[in-house]
Amino acid sequence: PVSMAAFAPSFFGNDARMQAGMPSMPLHHAQGGPGDVQSRVEAPREQRFSPYANNGGTCLAVAGDDFCIVAADSRLSQGYSIMSRTTSKITQLTDKCCIASSGCNSDQVTLHKLLKFRIKMYRHQHEKMMSAPAVGQMLATTLYGRRFFPYYTFNVVGGLDEKGEGCVFSYDAIGCFERLKYTASGTGQALIEPFLDNLVAYKNTDAKPTVSRTAEETLELVKDIFASAGERDIYTGDFVDIYVIKRDGTTYEQFPLKKD
């Protein structure tokens with residue numbers, strides 16, 4: 001049988017080797033040389049942490065002559081897991097303005113709370129409701145004020161301006177924005193924008209209608225667009241929350257999508 005003293009350099013040291021009748025090893029070998037010591041020390045491991053998470057989802061807004069439609073799906077994802085099927089991405093800020101946000105859900109909730117608070121303070125100070133363009137400008141300054149540690153949200157604001165015409169504002173994460181007739185954001189943006197370019201702006205086509213779409217026709221178009229995006233984007237699905245903003249008020253509708 002093999003004596004355990006054969007493994008003395010690493011387990012028992014020179015005393016055990018001498019008792020077994022084996023020659024002693026030099027001290028630096030018995031204790032391990034510099035190279036051996038380094039090999040026994042665990043290499044430093046890098047730990048990464050990110051305060052942000054992209055929880056998926058898709059938002060869009062379409063403005064008409066006297067209406068605006070803001071829509072977003074209700075799926076909340078983390079990686080390949082569905083965390084919730086009924087988390088709304090839209091908040092009605094005033095009776096004629098809504099905001100929809102994709103990206104990090106916690107930042108979205110915090111941002112919407114902050115906007116509602118500032119709108120309430122504006123109403124108390126000025127005794128009137130903030131208009132949709134004013135809300136759009138306020139959101140831009142709010143996002144830009146956090147540009148060094150931004151809200152990880154990609155926002156769409158839709159509503160009616162002072163003339164009663166539909167208006168849509170599109171943003172990046174740090175507050176750069178522009179007024180458009182339609183826009184989309186989120187994981188399904190690349191799928192939805194071509195639809196809107198072709199069917200709302202009538203780009204790259206000569207078949208332009210002479211009559212603008214009504215709110216009802218635009219609503220059906222939005223449903224078709226989300227049904228198509230839900231077939232191709234795993235982060236878009238379950239339900240679509242739709243707000244139709246008109247001069248006589250705002251209506252809400254929920255449209256079901258695929259749940260897989």
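Me: Buried means under 20% relative accessible area, exposed means over 50%, and partly exposed lies in between (1.4 Å probe, protein chains only). Why is K258 called partly exposed?

Reply: K258 has a relative accessible area of 40%. That value falls between 20% and 50%, so K258 counts as partly exposed. Keep in mind that this is a predicted model, where local features need pLDDT of at least 70, side-chain atom pairs count only at pLDDT 80 or more, and totals for chains, interfaces and linings use all residues. Residues are numbered from 1 along each chain as its sequence is written, and side-chain values use heavy atoms, with hydrogens and water left out.

Me: Why is D238 called buried?

Reply: D238 has 0% relative accessibility, and the cut-off for buried is under 20%, so D238 counts as buried. Its side chain meets that of R85 in a salt bridge, 2.6 Å from N to O. D238 lies in the loop between helix 8 and strand 11, and R85 in the loop between strand 4 and strand 5, so the pair ties together parts that are 153 residues apart in sequence. R85 is partly exposed at 35%. R75, R85 and D238 are linked in a network of salt bridges.

Me: How do you know that K223 and E253 form a salt bridge?

Reply: Their closest N and O atoms are 2.5 Å apart, which is within the 4 Å limit. K223 lies in helix 8 and E253 in strand 12, so this pair ties together parts that are 30 residues apart in sequence. K223, at 11%, is buried, whereas E253, at 27%, is partly exposed.

Me: How many salt bridges does the structure hold?

Reply: The structure holds 11 salt bridges. Side chains of opposite charge can pair when their charged atoms come close.

Me: How much of the protein is buried, and how many helices and strands are there?

Reply: Buried residues make up 43% of the 260 residues, and the protein has eight helices and 12 strands.

Note on methods
Helix = DSSP H or I, 4+ residues; strand = E, 2+ residues; numbered from the N terminus.
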